[in-house]
Amino acid sequence: MAEKKVRNWRKLFITLLSINLALLLAIVLFIFWPAPGAEEPEQVFIEDEAGAEFTIRSSKSNLNELVNAYIDKLPKLGENIQYTVKFDKQVHLMGTIEAFSSEVPVNIKFEPQVQQNGDIILQATDMSLGLLRLPEDRILQYVSSRVETPEWITIDPKEEQIYIAVTQMNMDSNFRVRAQQIDLANDNISFRIKIPNATLGL
């Protein structure tokens, strides 16, 4: 009887040890395996389309309100991440992720870069995921796996950036948009809006 108990104990110990080793291996692979890259969308130039263009100037406070109102309508994978975006001298993505039955704070800072065609790249400058000491590309990969984005937003963990193809946004009015200037330090933000001739019946 005692020998049977010892055998059962050994089986339980080996099983537990195997599970722990498997979890440890999974964590090590997650941390050190190269982060996947993402292909940027083909650039679209709204100037190539016939129509009238207008310049719209905005501010950080207006962008805060607009972007967060849009975020509230985005679906969340499993409803396990809540986040907001704040514009000051940089773009801040702040929120929490539910992991292991607790909320883990996420904070990522980005520097916006306007591309030649008017799209925007948010280049990460600083990231943190609670107290976890993960490589920065892993933090962005983890966030990417829990946020469902529209087709015109590409999260690239390898390059530690988010590509926002504003020129390819689907708008009910058929207007086209391109970023012209994003100078957060001086609160100087402008966009070009194009109204295609076809929209006006021309």
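1. Rings of Phe, Tyr and Trp (for Trp, the six-membered ring) are taken to pair if their centres lie within 6.5 Å; planes under 30 degrees apart count as stacked, over 60 as edge-to-face and the rest as tilted. By this rule the count is 1 aromatic pair. Tyr70 and Trp152 form that pair, which is tilted, with 5.9 Å centre to centre and 50 degrees between the planes.

2. The model is predicted: local features need pLDDT of at least 70, side-chain atom pairs count only at pLDDT 80 or more, and totals for chains, interfaces and linings use all residues. Residues are numbered from 1 along each chain as its sequence is written, and side-chain values use heavy atoms, with hydrogens and water left out.

3. Buried here means under 20% relative accessible area, exposed over 50%, and partly exposed in between (1.4 Å probe, protein chains only). Trp152 counts as buried because its relative accessibility is 13%; Tyr70, at 36%, counts as partly exposed.

4. The chain has 3 helices and 9 strands, where helices (H or I, at least four residues) and strands (E, at least two) are DSSP runs numbered from the N terminus. Their order along the sequence is α-β-α-β-β-β-β-α-β-β-β-β. Of the 202 residues, 36% count as buried.

5. Strand 1 is joined to strand 9 (residues 188-196) by 8 bridges. Phe54 stands opposite Ile193 in strand 9.

6. A nonpolar core is a set of buried Ala, Val, Leu, Ile, Met, Phe, Trp, Tyr and Cys residues joined through side-chain atoms within 4.5 Å. The largest such core has 38 residues, and those with the most contacts inside it are Ile108, Phe110, Ile120 and Ile164. Strand 5 (residues 120-129) gives the most to this core, with 6 residues.

7. Contact means heavy atoms within 4.5 Å. Neighbours within four places in sequence aside, Ile164 is in contact with Asp119, Ile120, Leu122, Trp152 and Ile153. Of the contacts in the chain between residues at least 6 apart in sequence, 54% join residues at least 24 apart.

Technical notes: Two strands pair if DSSP finds at least two bridges between them.
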